[in-house]
Amino acid sequence: MDCLFCKIANKEIPSKKVYEDEFCYAFEDIAPAAPVHILFIPKEHISGMGGITPENSAVVSKIFEAISRVAGDMGLDGGYRVVSNCGADAGQTVFHLHFHLLAGKPLGGMCSIGG
Ligand code: AMP
Ligand code: ZN
């Protein structure tokens with residue numbers, strides 16, 4: 001399957017790793033929308049929010065555990081935002097489930113990804 005984020009998770013394409021465990025991989029976004037902009041992805045391919053099923057949804061809680069841990073380790077005391085874009089109206093460009101962790105400045109309104 002020709003999927004950019006599968007290749008990043010498999011280390012076929014380089015990325016700036018922030019966190020990794022058995023289930024998920026986190027790396028710096030190549031075009032940061034905030035001073036802290038990290039992408040969290042499942043190692044297994046899931047196309048996006050719409051691809052989450054009862055069979056694969058356990059990895060989502062693992063990803064959120066990882067987000068909480070990374071945010072704590074980074075000391076993001078000013079707060080942070082977690083975003084997942086699903087489909088055309090939301091501007092999804094990579095069709096492998098991912099969660100953006102944004103922080104490091106006031107992030108603006110809800111409909112603005114990075115303020
Ligand atoms: P989305 O628009 O929600 O699908 O988010 C895709 C994100 O992937 C964007 O914020 C891009 O900047 C980011 N991105 C695309 N290619 C790479 C890459 N090779 N390494 C890191 N981030 C990437
Ligand atoms: Zn993939």
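**Exercise 1. Which geometry does the site of the zinc ion (ligand 2) have, given the angles among its 4 donor atoms?**

The structure is a predicted model, in which local features need pLDDT of at least 70, side-chain atom pairs count only at pLDDT 80 or more, and totals for chains, interfaces and linings use all residues. Residues are numbered from 1 along each chain as its sequence is written, chains are lettered from A and ligands numbered from 1 in the order in which they are written, and side-chain values use heavy atoms, with hydrogens and water left out.

Step 1. List the donors, which are N, O and S atoms within 2.8 Å of the metal (3.2 Å for Na, K and Ca), bearing in mind that water is not among the atoms, so sites may look incomplete. The protein supplies C3 (SG), C6 (SG), H45 (ND1) and H96 (ND1), at 2.1 to 2.3 Å from the zinc ion (ligand 2).

Step 2. Examine the angles, since four donors count as tetrahedral if all angles lie between 85 and 135 degrees. The angles run from 107 to 117 degrees, and the site is therefore tetrahedral. For four tetrahedral donors the ideal angle is 109.5 degrees.

Step 3. Check burial (buried means under 20% relative accessible area, exposed over 50%, partly exposed in between, with a 1.4 Å probe and protein chains only). C3 is buried at a relative accessible area of 6%, and H96 is buried at 0%.

**Exercise 2. Work out how β5 is covered and which strands pair with it.**

Step 1. Of the 5 residues in β5, 5 are buried, and the strand is mostly covered. F99, L101 and A103 point one way, whereas H100 and L102 point the other way. In a regular strand the side chains alternate between the two faces of the sheet.

Step 2. Two strands pair if DSSP finds at least two bridges between them. β3 and β5 pair in the antiparallel sense over 5 bridges, with I38 bridged to L101 in β5. β4 and β5 are likewise antiparallel, over 4 bridges, and V83 stands opposite H100 in β5.

Step 3. Turn to H37, which is placed in strand β3 (residues 36–42) and counts as buried at 6% relative accessibility. Its contacts beyond four places in sequence include H100, L101 and L102, and the side chain of H37 also reaches the backbone nitrogen of A33 at 2.9 Å, a polar contact being a pair of N or O atoms within 3.5 Å.

Definitions and conventions: Four donors count as tetrahedral if all angles lie between 85 and 135 degrees; four count as square planar and six as octahedral if opposite donors are over 155 degrees apart and all others between 65 and 115; anything else is irregular. Helices (H or I, at least four residues) and strands (E, at least two) are DSSP runs, numbered from the N terminus. A polar contact is a pair of N or O atoms within 3.5 Å; within protein, one must be able to donate a hydrogen and the other to accept it, and residues adjacent in sequence count only if both atoms are side-chain atoms. Contact means heavy atoms within 4.5 Å.
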